[in-house]
Amino acid sequence: MVAINTQTILITGASSGIGAACANTFARENPRLILAARRLEKLEQKAWELNKLHGAEVHLLQLDVCDRLAVESAINSLPEEWSEIDILVNNAGLSRGLDKLYEGDFQDWEEMIDTNIKGLLYLTRYIVPGMVKRGHGHIINIGSIAGHQTYPGGNVYCATKAAVKAISEGLKQDLLGTPIRVTSVDPGMVETEFSEVRFHGDTEKAKKVYQGLQPLTADDVADVVFFCATRPNHVNINEVILMPVDQASATLVNRQL
Ligand code: NDP
Ligand code: 8X3
């Protein structure tokens with residue numbers, strides 16, 4: 001296992017779910033964490049917790065990843081001691097709705113495309129040149145089983161995650177000849193705020209998604225992210241698909257109701 005205690009790790013979408021779990025997992029090894037999301041109060045709470053539990057050093061970025069100029073300014077104006085990012089966890093993302101494509105909501109489409117594809121690209125574009133220059137770095141993108149298999153009503157969300165898969169592959173190819181690593185971690189069902197966001201705050205509908213089965217937890221995914229980040233420097237884990245034992249494909253699940 002490679003030590004990460006001197007590394008600076010930027011995690012987007014660290015205010016809840018998988019991103020927050022990644023922050024917890026990495027903080028145990030004492031790296032320096034930059035946590036980004038729109039909800040500053042959630043980030044402040046997380047930073048306080050991590051500092052109390054692990055003495056973690058945390059820098060916060062209140063950031064909407066869809067806003068290219070805000071991403072540019074946030075990255076370019078990091079204090080010098082935070083400016084050399086070793087690991088970028090591109091996790092911020094969301095799904096909106098499960099409508100049939102021909103009945104889809106334009107606002108939902110734009111939000112998913114702007115966050116899951118363009119946001120991830122902006123962070124990558126502003127951070128990776130520094131990694132190349134320093135000859136050190138790892139980009140870990142959170143994709144999804146939805147990027148491998150499309151399911152009914154998943155249409156645009158699945159397309160954004162298929163784009164993440166293609167972007168991870170393309171970035172790996174473009175970085176060939178450098179020591180920079182690229183990984184895509186692609187989970188199946190994980191119980192987080194994901195379904196609440198998908199159903200625009202309808203918590204009852206969200207709960208039903210996980211009813212009668214044992215989904216992955218955000219910690220399960222964070223363990224995998226951590227594993228990928230701590231392999232020896234010559235090892236690149238390109239892609240990991242993980243799903244609950246109760247799930248066999250994007251649509252095939254075992255429910256005990
Ligand atoms: P959550 O809803 O719990 O977390 C999503 C995170 O993304 C939040 O921290 C949110 O922060 C952040 N985020 C959303 N939009 C933006 C934005 N415009 N700018 C900055 N941050 C943003 O869901 P998950 O933890 O489940 O999702 C994390 C990733 O995992 C996503 O990319 C998702 O697609 C993927 N995934 C999830 C699965 C699941 O079943 N849960 C399975 C496979 C993949 P804030 O609102 O504060 O900005
Ligand atoms: C989240 C998993 O199957 O709900 O990416 O789309 S799924």
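Biologist: Is the crossing of α4 and α5 left-handed or right-handed?
Modeller: The model is a predicted one, and every value discussed here is computed from it. The two helices to consider are α4, which covers residues 106-134, and α5, which covers residues 155-174. The crossing of α4 and α5 is right-handed.

Biologist: How are the axes of α4 and α5 oriented towards each other, roughly parallel or roughly antiparallel?
Modeller: Two packed helices are described by the angle between their axes and the distance between the axes. The axes of α4 and α5 come within 9 Å and cross at roughly 15 degrees. Angles under 35 degrees count as roughly parallel. Therefore α4 and α5 are roughly parallel.

Biologist: How are α3 and α4 oriented, roughly parallel or roughly perpendicular?
Modeller: Helix α3 consists of residues 68-76, and its axis comes within 10 Å of the axis of α4. The two axes cross at roughly 30 degrees. Because angles under 35 degrees count in this way, α3 and α4 are roughly parallel.

Biologist: How many charged residues does the contact of α3 with α4 have?
Modeller: The crossing of α3 and α4 is right-handed. The contact is made by R68, V71, E72 and I75 of α3, together with Y122, L123, Y126 and I127 of α4. By class, it has 6 nonpolar residues and no polar ones. The number of charged residues is 2.

Biologist: At roughly what angle do the axes of α1 and α2 cross?
Modeller: Helix α2 is made of residues 40-54, and its axis comes within 10 Å of that of α1. The arrangement counts as roughly parallel because the crossing angle is under 35 degrees. The angle is roughly 20 degrees.

Biologist: Which element gives the largest share of the shell around ligand 1?
Modeller: The shell around ligand 1 has 31 residues, of which G13, G17, R38, R39 and G93 come nearest. The elements that give two or more residues to it are α1, α4 and α6. The largest share is 3 residues, and it comes from α1.

Biologist: How many charged residues are in the shell around ligand 2?
Modeller: The residues around ligand 2 are S144, I145, A146, G154, G188, M189 and A250. They divide into 4 nonpolar and 3 polar residues. For ligand 1, by contrast, the shell has 14 nonpolar, 12 polar and 5 charged residues. Around ligand 2, the number of charged residues is none.

Biologist: What radius of gyration does the protein chain have?
Modeller: The protein chain has 8 helices and 7 strands, and its C-alpha trace spans about 50 × 40 × 35 Å along its principal axes. With 257 residues, a compact globule would have a radius of gyration near 18 Å. The protein chain agrees with this, as its radius of gyration is 18 Å.

Technical notes. Residues are numbered from 1 along each chain as its sequence is written. Chains are lettered from A and ligands numbered from 1 in the order in which they are written. This is a predicted model: local features need pLDDT of at least 70, side-chain atom pairs count only at pLDDT 80 or more; totals for chains, interfaces and linings use all residues. A residue is near a molecule or strand if its C-beta atom, placed from the backbone, lies within 6 Å of it. Helices (H or I, at least four residues) and strands (E, at least two) are DSSP runs, numbered from the N terminus. Ala, Val, Leu, Ile, Met, Phe, Trp, Tyr, Cys and Pro count as nonpolar, Asp, Glu, Lys and Arg as charged, and the others, Gly among them, as polar. Axes are lines fitted to C-alpha atoms, for helices over the stretch in contact, and angles run from 0 to 180 degrees between N-to-C directions. Angles under 35 degrees count as roughly parallel, over 145 as roughly antiparallel, 65 to 115 as roughly perpendicular and the rest as oblique. A crossing is left-handed if the near helix is turned anticlockwise from the far one by less than a right angle, and right-handed if clockwise. The radius of gyration is taken over C-alpha atoms; the globule rule is 2.2 Å times the number of residues to the power 0.38. Two residues are in contact if their C-beta atoms, placed from the backbone, lie within 7 Å.
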